[in-house]
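Subject: Structure handover

Hello,

Here is the structure we talked about, with the sequence. My notes on what was found follow below it.

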Amino acid sequence: MPESKQPKKTSASTSQSEPVHGASDFLVVSNRLPVDRVSNGTDDAGWRRAPGGLVTALAPVMAARDGGWVGWHGAPDETLEPFHHENMDLIPVPLSSDEVELYYEGFSNSTLWPLYHDVIAPPEFHRTWWDSYRLVNRRFAEAAAGAAAKNATVWVQDYQLQLVPSYLRQLRPDLRIGFFNHIPFPPPEIFAQLPWRQPIIDGLLGADLIGFQRPNDTANFLRSARRFLGASVKAQQVHVRADDGRTSHISRAEPFPISIDVGQIQELAARPDIIARSRQIREDMGNPKTILLGVDRLDYTKGITHRLKAYGELLHDGIVKVEDASLIQVASPSRERVESYRHLREEVEGTVGRINGQFDTIENTAVRYLHHSYPVEEMVALYLAADVMLVTALRDGMNLVAKEYVAARGDNTGALVLSEFTGAADQLKQALLVNPHDIDGLKATIVRAINLPKTESSRRMRAMRKQILSHDVQRWSEDFLATLQIDAVRDDS
Ligand code: F6P
């Protein structure tokens, strides 16, 4: 993949970025830029496209429409000039170390993240975090306002930037603004806890179109808009009032379940070297009858401890033998400076150590625990090696791992155990659905997956593949953008 040249560093200050005026007809705004820095050992050598479906889906739109992307480049206390990479203008937004702590680790990931995921961990409410969130959202909005051409379309991504739509509308009323929330939106009874619930709803309503993963998230948002803002909601539309009481614009909320780059996963799953690698993985694991697989960011929403508990009890009860069924658990490092994530890591690693200490043999290991991130090629080899995929999230906006597993299983083999609390469960109805809090139910479902008759697993996988193959991430972005264009001129009331 070609790499772009290193952009010029200006200063280490945290002052607002100087906007580049009016070049982009289509802009994406997200917390992180879709590129990773490449190092040649001693020096920064350039940038490489980050893995992920969103950037792949939007690449053709970027190329066709003078596209740009506004986001943080990942290094605190560094200001970079905008640069060009693979048909996109990249507009880096600087964050100071303090802002990383207050806006990103604080308000985004210790207030909003737990609040929006069913308060699995207690959210913390701090005014200094909120102040930083507002300031940083304003900076992102200013960067986008400076980069967008007249009447451009701007698509803002995710919970870190919920104030950007309204700031942007104030700065640039000519723009068409979309927002997509990648994580769940909580019911009003939980959202009510947020001291800044009103300005957050106000911020989102700056968008012409607000996309959510599930119909439930959409309904939760509309109920909150009515309850906390007294907004006039008709069907999926909110009539947003200006100060003089007149409707300034109509904001529409709708579900758009995100998906994956199906073509890429299928292509990799058919590659001889990746198939050979998957065989090697099975051999290296001691050729057990069944390989169970979990792949998650190390996050408390993913239900990793519930999964380990169920598997550990199955070994303890003698229902599963370590020679017959081993678990590979990939847990990629995430948000490692946030307290609740540190605790989780200790808990997971302690549990894995206990299970392995008790059940490993010289030849076989119960849990092969990998605290790493892997390239997509290795992930696909793991999907091919796994007989049973375990997705036991306690709450998840979508869960793309479940979709990737299904996309990789071209021969219709394999079983997917899927939490009913994921967005993916709405689409993958033929998975073996579980409530991960019900440990006995989870154990029974794992045993069922291990022993699933071939005809049944094939029937289920075929049906799930039919859904995934016709709903890829390209279709998701096309649907969203088509609705955003149409919505600017449509009023259903
Ligand atoms: O699902 C929300 C999300 O922000 C994803 O977009 C991202 O892959 C993940 O969480 C981790 O994000 P980060 O490492 O930036 O906190």
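Two strands are said to pair if DSSP finds at least two bridges between them. The model is predicted, and every value below was computed from it.

Strands 1, 7 and 8

Strand 1 (residues 24–32) pairs with strand 7 in the parallel sense, over five bridges. On its other pairing listed here, strand 7 runs parallel to strand 8 (residues 176–180), again with five bridges. Strand 7 spans residues 148–157, and eight of its ten residues are buried.

Ligand site

Which residues surround the ligand? They are Arg32, Tyr104, Trp113, Asp158, Tyr159, Gln160, Ile183, Arg297 and Arg335. By class, this shell divides into four nonpolar residues, one polar and four charged.

- Arg32: 2.7 Å
- Arg335: 2.8 Å
- Gln160: 3.5 Å

The ligand taken alone exposes 400 Å², and the protein buries 64% of that.

Glu105 belongs to helix 2 (residues 97–116). Its relative accessibility is 13%, so Glu105 counts as buried, the cut-off being under 20%. The side chain of Glu105 makes a polar contact of 2.7 Å with the side chain of Arg337.

Thr483 is part of helix 17 (residues 473–487). Thr483 also counts as buried, because its relative accessibility is 14%. A polar atom of the Thr483 side chain lies 2.7 Å from the backbone oxygen of Asp479. Gly441 is 42 residues from Thr483 along the chain, and the C-alpha atoms of the two are separated by 41 Å.

Positive phi

Most residues other than glycine have a negative phi.

Ala235 has a phi near 50 degrees, which is positive although the residue is not glycine. Ala235 sits in the loop between strand 10 (232–234) and strand 11 (237–241). Is Ala235 buried or exposed? With a relative accessibility of 70%, Ala235 counts as exposed, since the cut-off for that class is over 50%.

Asn412 likewise has a positive phi, of about 60 degrees, and is not a glycine. The place of Asn412 is the loop between helix 13 (400–408) and strand 17 (415–419). Its relative accessibility is 13%, so Asn412 counts as buried. Both residues are thus in loops, but Ala235 is exposed whereas Asn412 is buried.

Regards

Conventions:
Residues numbered from 1 in each chain as written. Predicted model: local features only at pLDDT ≥ 70, side-chain atom pairs only at ≥ 80, totals over all residues. Heavy atoms only, no water. Helix = DSSP H or I, 4+ residues; strand = E, 2+ residues; numbered from the N terminus. Buried < 20%, exposed > 50% of the residue type's maximum accessible area, 1.4 Å probe, protein only. Near = heavy atom within 4 Å. Polar contact = N/O pair within 3.5 Å; in protein donor to acceptor, adjacent residues only side chain to side chain. Areas by Shrake-Rupley, 256 points an atom, 1.4 Å probe, with all protein chains shown as cover. Nonpolar A, V, L, I, M, F, W, Y, C, P; charged D, E, K, R; others polar.
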